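Subject: Structure handover

Hello,

Please find the structure below, with my notes after it.

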Amino acid sequence: MPDIRFDRLILGDIVTPERVLEGGWIGTTGETIAGIGQGSAPKGAETLDYSGHLVLPGLVDGHMHTSSAMGWGGIVHATRSAAAGGVTTVVDMPYDIPHPVTDAAILAEKLAVVEADSHVDVALYGTILKSGGTGAIAGLAQAGVSAFKLSTYEYDAVRFPRISPQEMTLAFGLIGETGIPVALHNENQELVESLTEEAKAAGRTDPIQHARTRPPLAENLANTEIFEIGLATGAHVHIAHSSLARGFDLAAAYRGFGMKASAEACIQYLCMTEDDLVRLAGRGKCNPPFRTAEEVERMWDRLTKGLVEYVSTDHAPWPLRHKQDANIFRTGAGLTGLQSFAPLMLTLLARRGLPPTLIAQYCAERTARFHGLYPRKGAIRVGSDADFCIIERGRFVFDEASIVDRPECRWSPYHGMEMAGRVAASVLRGTLIYSAGTVHARPGTGRFVRRAGS
Ligand SMILES: [Zn+2]
């Protein structure tokens, strides 16, 4: 070993999608990885000794909502939680208050807030107006959005509109020309609304009604609609969250028809069930809803077959007061997830006898590839950004009091769950941004990361 000197040396069991390099070392120079090895380590000006811990690539969460509840002021808080969760890159959704990211000028404004406030690196989705706004698609692509997000379901006519099949066809055609993928919120509006009205008319507003009024068919109708429009237009169409194995099967079927099609699993669909919705009530409400234990098994079957594009959190930090109404229909939909992401994925894999390499694959590399950030992000490779999520293995109970998002969002559906590890430290571009319960990153430590090529 020549006497190479690095700015910093990180010791631990290095986890890549291919293997775990036990007793490994990573040398960093400036903001990037400059060397990787095993056994006796070369010199570093400073050593972060995490021997015996897992050193993963910094996680890339491809799906989160910082600004749905309180606007761009949420960025500073959610990215702080990301830093504490070993999530060093987040991809933020465009459905912001007071206006969604529907053109390059709004993107530029949001980007300035990201650069000023973010604790971790941030890539951004763009979207379109409910109608008449497809002319802004090319500008958003040039400005560096990593993906587009559209919806078949309307939560809000301005912030989160339903895009009609006609408008979607027009939009997909233009998005297809950019080469950037388009992710879809996939629920059929008419079916959900009619079932919800029926439940309310019958006086049923208890938690399980959330699942009953958003049945698998609501997802599958939307999935086939978006894939058919993708097939007709040439766009890469991506299901933003499939709670069903069938979403991955449909994506595979449509790939067989010659189009680019993919689907994403949020981590809650790999563990939570309808029983958890009943147990957690409003705290377990998200869209699509939790499914059955059998469906969770089918989800894992598709993941282990390589059919899942990547795993995300859909982190949507609603204040707890929005999650406590006894009427499930009056409760906000969305879960917190950034700080539980790494320990939970490790735990779910361990329960199934699956290796932690799948975290590096599904929560970092695949996500970064999809969003055009790889190999700068999502990889432990020479030349990549020196981003790491360092996990201490052991039995630790996840406590929502450890969440460092804004105070009213310090709740978790995973509160009290025994995990197979906890995040010991996070490193962003060579700098320790979190360790032992303390966030060292400051607002502005994070940067906007644009899609590179497509
Ligand atoms: Zn979402």
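The notes cover the sheet, the helix packing and some backbone details.

This is a predicted model, in which local features need pLDDT of at least 70, side-chain atom pairs count only at pLDDT 80 or more, and totals for chains, interfaces and linings use all residues. Residues are numbered from 1 along each chain as its sequence is written. Helices (H or I, at least four residues) and strands (E, at least two) are DSSP runs, numbered from the N terminus.

The sheet

An open sheet is formed by 8 strands, in the order β3-β2-β1-β4-β14-β15-β16-β17, and its pairing is mixed. Its edge strands, β3 (32–38) and β17 (438–439), each pair on one side only. Two strands count as paired if DSSP finds at least two bridges between them.

Helix α11 lies across β14 and β15 and runs at about 135° to β15. Helix α12 lies across β1 (5–15), β2 (20–29) and β4 (43–57), at about 100° to β4. Axes here are lines fitted to C-alpha atoms, for helices over the stretch in contact, and angles run from 0 to 180 degrees between N-to-C directions.

Helix packing

The axes of α11 and α12 come within 10 Å and cross at roughly 130°. That makes α11 oblique to α12; angles under 35 degrees count as roughly parallel, over 145 as roughly antiparallel, 65 to 115 as roughly perpendicular and the rest as oblique. F341, A342, M345, L346 and L349 of α11 meet L358, I359 and C363 of α12, where contact requires C-beta atoms, placed from the backbone, to lie within 7 Å. The residues of this contact of α11 with α12 are 8 nonpolar, no polar and no charged. In this division Ala, Val, Leu, Ile, Met, Phe, Trp, Tyr, Cys and Pro count as nonpolar, Asp, Glu, Lys and Arg as charged, and the others, Gly among them, as polar.

Helices α4 (residues 165–178) and α7 (residues 216–233) pack at an angle of about 50°, with axes 9 Å apart. They are therefore oblique to each other, and the crossing of α4 and α7 is right-handed. On the α4 side the contact is made by P165, M168, T169, F172, G173 and G176, and on the α7 side by E225, I229, G230, A232 and T233. The residues of the contact of α4 with α7 divide into 5 nonpolar, 5 polar and 1 charged.

Backbone details

A cis peptide bond joins N287 and P288, with omega about -5°. P288 is in the loop between α9 (274–280) and α10 (293–304). A281, which also lies in the loop between α9 and α10, has a positive phi of about 50° although it is not a glycine. With 18 C-beta neighbours inside 10 Å, A281 counts as partly exposed; a residue is buried at 20 or more other C-beta atoms within 10 Å of its own, exposed at 12 or fewer, and partly exposed in between, with C-beta atoms placed from the backbone.

A cis peptide bond also joins Y374 and P375, with omega about 5°. P375 is in the loop between α12 (357–370) and β14 (388–397).

D314 is not a glycine either, yet has a positive phi of about 55°. D314 sits in the loop between β13 (311–312) and α11 (338–351) and is buried, with 25 other C-beta atoms within 10 Å.

Regards

Notes. Contact = placed C-beta atoms within 7 Å. Left-handed = near helix turned anticlockwise from the far one by under 90°.
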